[in-house]
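Take a moment with the sequence and the 3D view before reading on.

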Amino acid sequence: MRLLRSGFAPLATGLTALAALLVAAPAAQAADAPLRDLAHAKGRAIGTAVTGSKLTGTYGEIAGREFNWLTPGNAMKWESVEPSRGTFNWAEADRIVEFAEANGQQVRGHTLVWHSQNPGWLTNGTWTPAQLSTLLKDHIDTEMTRYKGRVDAWDVVNEPFNEDGTYRSTIWSNGLGTDYIAQALTWARAADPSAELYINDYNVEGVNAKSTALYNLVRSLKQRGVPIDGVGLQAHLILGQVPSTLQQNIQRFADLGVDVHITELDIRMQLPATEAKLTQQAGDYRAVMDACLAVSRCTGVTVWGFTDSDSWIPDWFEGYGAATPYDENFAPKPAYHAIAASLGGGTTEPPGDGCKATYRVVNQWGGGFTGEVRIDCTGAALRAWTAKWDFGAGQRITQAWNASCTQSGTSVTCSNASYNGTVPDGGSVTFGFNASWSGSNPVPVVTLS
Ligand code: XIL
């Protein structure tokens with residue numbers, strides 16, 4: 001840089017003006033930046049499950065443009081790749097991996113060891129433990145070797161636990177004992193040493209008996225030196241039910257020295273979808289995104305299908321649907337804008353001038369004070385919000401309520417809690433904080449986004 005620039009010193013003023021003009025144009029379009037660009041700028045993944053046969057037309061355009069990771073929704077499951085013993089069908093999985101490579105995307109392999117979607121020949125067979133062990137090792141070897149160096153992370157073991165934290169009774173735990181998990185991970189590491197190895201499960205998003213069992217398993221695997229790189233939290237959530245302990249739970253896994261990925265996010269609602277439910281859903285998506293982004297070892301978020309036309313929910317949960325960020329006609333829903341906003345993008349539905357933040361000091365004493373920010377909307381509404389200001393006089397936030405606040409140097413950023421992202425037209429939301437001060441305590445200007 002220094003060498004290139006040195007000769008141009010006399011032209012600097014004119015060039016700077018030109019550069020400013022050139023930069024201004026793309027910046028003005030930041031509202032429309034694809035999710036993958038926003039995520040990339042933060043060093044995170046934004047992924048989607050996909051169906052290989054659909055990767056053309058609008059579906060293919062969105063999958064390629066918006067996401068930097070892909071997970072085959074079904075194509076890599078055992079019943080898909082080896083429907084009859086020794087007869088392999090890699091067509092759909094190949095197609096997805098090739099699409100990802102053509103679009104500069106990374107791939108999550110899903111999944112090698114599971115109780116579900118196994119071929120009939122396997123589940124109906126009678127096997128000795130030794131035979132079962134060989135079958136499993138061969139399956140892991142065959143599939144991982146086929147995609148060696150091309151699949152970046154594998155959900156090696158899927159859904160090993162019951163809700164109460166005991167091990168699920170499956171063909172694997174029954175036949176091989178619960179150490180099948182350690183064996184599978186060890187075989188997986190040997191098959192492709194460059195792939196990140198995950199254990200993946202559902203209902204392990206908050207701190208509960210099941211996630212604690214997973215936590216204890218990961219801790220013991222680490223202690224034993226069994227290869228394990230990450231934990232997948234599926235996050236098939238219900239509207240309005242993002243666990244309040246999500247971030248805390250992500251953090252405790254990170255503290256064990258493993259990565260965390262939200263692997264299968266969808267947020268289902270009872271149909272029909274209404275404006276109010278879609279607004280709530282946006283807040284819920286925002287809360288999940290924010291929880292992940294708050295923990296550096298949370299590698300990112302993958303949605304389980306990006307469009308309601310390619311979601312498993314209506315088939316599996318009667319009366320529920322509308323769980324993904326795009327509707328059935330590929331129109332982005334409020335949830336899409338909430339993901340973008342969380343990743344630092346603008347939204348195409350900006351708050352406009354209709355929403356204002358008012359800051360006031362409620363109570364002040366020597367060295368400390370309580371502050372409050374009220375957001376009022378008239379002629380506009382918010383589905384998620386972030387309030388920012390500068391504590392130029394050295395004030396420091398010590399505690400906040402009804403928002404999650406972080407302070408870096410003098411700059412303060414407060415985002416809605418999971419339950420108060422919505423500010424309807426004509427409505428308001430208030431959050432508060434305690435902070436320290438010394439010298440002076442001027443009122444800052446708060447900007448909303
Ligand atoms: C689902 C697929 O999306 C459906 O198409 C299929 O019929 C059933 O499986 N947890 C997982 C995923 O780990 O593999 C499941 O995917 C959803 C629940």
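Predicted model: local features only at pLDDT ≥ 70, side-chain atom pairs only at ≥ 80, totals over all residues.

Residues are numbered from 1 along each chain as its sequence is written, and side-chain values use heavy atoms, with hydrogens and water left out.

**Around the ligand**

The ligand sits in the second largest pocket. A pocket here is an open set of points on a 1 Å grid over the protein atoms alone, where a 1.4 Å probe fits, with protein on both sides within 12 Å along at least five of seven lines; sitting in it asks that more than half of the molecule's atoms lie within 2 Å of its grid points.

There are 13 residues around the ligand, and Asn74, Lys77, His110, Glu264 and Trp304 come nearest. To count as near, a residue needs a heavy atom within 4 Å. By class, this shell holds four nonpolar, six polar and three charged residues.

| Residue | Ligand atom | Distance |
|---|---|---|
| His110 | oxygen | 2.6 Å |
| Asn158 | oxygen | 2.9 Å |
| Gln234 | nitrogen | 3.2 Å |

The protein covers 83% of the 420 Å² of accessible area that the ligand has on its own (Shrake-Rupley method, 1.4 Å probe).

**The disulfides**

How many disulfides does a search of the whole structure find? The search finds three, each a pair of cysteine sulfur atoms within 2.5 Å.

One of them joins Cys292 to Cys298, with 2.1 Å from S to S; at -105° about the S-S bond, this link is left-handed. Cys292 counts as buried because its relative accessibility is 1%, and Cys298 does so at 0% (buried means under 20% relative accessible area, with a 1.4 Å probe and protein chains only).

Another disulfide joins Cys355 to Cys377, with 2.2 Å from S to S. The link of Cys355 and Cys377 is right-handed, with 110° about the S-S bond.

Notes: Polar contact = N/O pair within 3.5 Å; in protein donor to acceptor, adjacent residues only side chain to side chain. 1 Å grid on protein atoms, 1.4 Å probe; cavity = no way out; pocket = protein on both sides within 12 Å on 5 of 7 lines; lining within 4 Å. Nonpolar A, V, L, I, M, F, W, Y, C, P; charged D, E, K, R; others polar. Buried < 20%, exposed > 50% of the residue type's maximum accessible area, 1.4 Å probe, protein only.
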